Amino acid sequence: MQGRENKKNNDLFFTCSLIEYIARKTKNKRSLVVNKLGKNNVAKIYDLADVYHSDNIETVSEDFINKASIAVGNFDNVSEAKYAVPSYWDIGKVYKRLVLGISKEKGISVVDAVFEAYNSFVSDKIDDYNSSFYYEAPQNILNAYTEGRIE
């Protein structure tokens, strides 16, 4: 462990932030981006995050957008936001915590948990920047996921 957190947790943070960056850039739902990237690309991003992190995120995102043939969509939660928009790093942190919780709860790999998180109803709630859900306590977001509902 170097710094404030485990290196692989930091790699996951970058992975989730890059997914968010790509989704905003291509105006797609996060689930579509993850599914288009596929497990091999998500695993590659996660495994090589320390390398990708040292490069320009614009360049890295373009490479994966092209590699996965992610077309421009019409989901633009950033322009629809009525309040301050969280950064892609902020949302990356939210997803990182959710993914780690799912991985631990279900006893599955982090990469599998990425797909669980982004393909759940919770992802739509996190991506609604007009609600306050994305800045709920990490345990509350995980509880919503595991219980299948928001209280």
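# Helix packing and selected residues

S69 is placed in the loop between helix α4 (57–67) and helix α5 (88–106), helices being DSSP runs (H or I) of at least four residues, numbered from the N terminus. The model is predicted, so that local features need pLDDT of at least 70 and side-chain atom pairs count only at pLDDT 80 or more, whereas totals for chains, interfaces and linings use all residues. Residues are numbered from 1 along each chain as its sequence is written, and side-chain values use heavy atoms, with hydrogens and water left out.

**Packing of α2 with α6**

- Helix α2, which covers residues 30–47, and helix α6, which covers residues 110–118, have axes that come within 10 Å and cross at roughly 170°, where axes are lines fitted to C-alpha atoms over the stretch in contact and angles between N-to-C directions run from 0 to 180 degrees.
- Because of this crossing angle, α2 is roughly antiparallel to α6, a term that applies to angles over 145 degrees.
- On the α2 side, the contact (heavy atoms within 4.5 Å) is made by R30, S31, V34, N35, G38, K39, V42, A43 and Y46, while α6 contributes V110, V111, D112, V114, F115 and Y118.
- Sorted by class, the residues of this contact of α2 with α6 comprise nine nonpolar, three polar and three charged.

**Packing of α1 with α6**

- Helix α1, which covers residues 7–26, packs with α6 at an angle of about 35°, and the axes of these two helices are 12 Å apart.
- In the contact between them, L12, C16 and I19 of α1 meet V110, V114 and Y118 of α6, and by class the residues are six nonpolar, no polar and no charged.

**Buried residues in helices**

- T15 has its place in helix α1, and because its relative accessibility is 1%, T15 counts as buried, the term for values under 20%, with exposed meaning over 50% and partly exposed in between (1.4 Å probe, protein chains only).
- When neighbours within four places in sequence are left aside, T15 is in contact with V42, I45, Y46 and A49.
- N41 lies in helix α2 and, with a relative accessibility of 12%, is likewise classed as buried.
- A polar atom of the side chain of N41 lies 3.0 Å from the backbone oxygen of L37, and N41 is also in contact with F64, K67 and A68, once neighbours within four places in sequence are left aside.

**Loop residues**

- K27 is found in the loop between α1 and α2, where its phi is near 55°, a positive value in a residue other than glycine, and with a relative accessible area of 32% K27 is partly exposed.
- S69, in the loop between α4 and α5, has a phi near 50°, again a positive value in a residue other than glycine, and at 51% relative accessibility S69 counts as exposed.
- S131 is placed in the loop between α7 (121–126) and α8 (138–147), and at 25% relative accessibility S131 counts as partly exposed.
- A polar atom of the side chain of S131 lies 3.0 Å from the backbone oxygen of D128, and the side chain of S131 also reaches the backbone nitrogen of F133 at 3.3 Å.
- S131 and T26 are 105 residues apart along the chain, and their C-alpha atoms are separated by 22 Å.

How values were computed: Parallel < 35°, antiparallel > 145°, perpendicular 65-115°, else oblique. Nonpolar A, V, L, I, M, F, W, Y, C, P; charged D, E, K, R; others polar. Polar contact = N/O pair within 3.5 Å; in protein donor to acceptor, adjacent residues only side chain to side chain.
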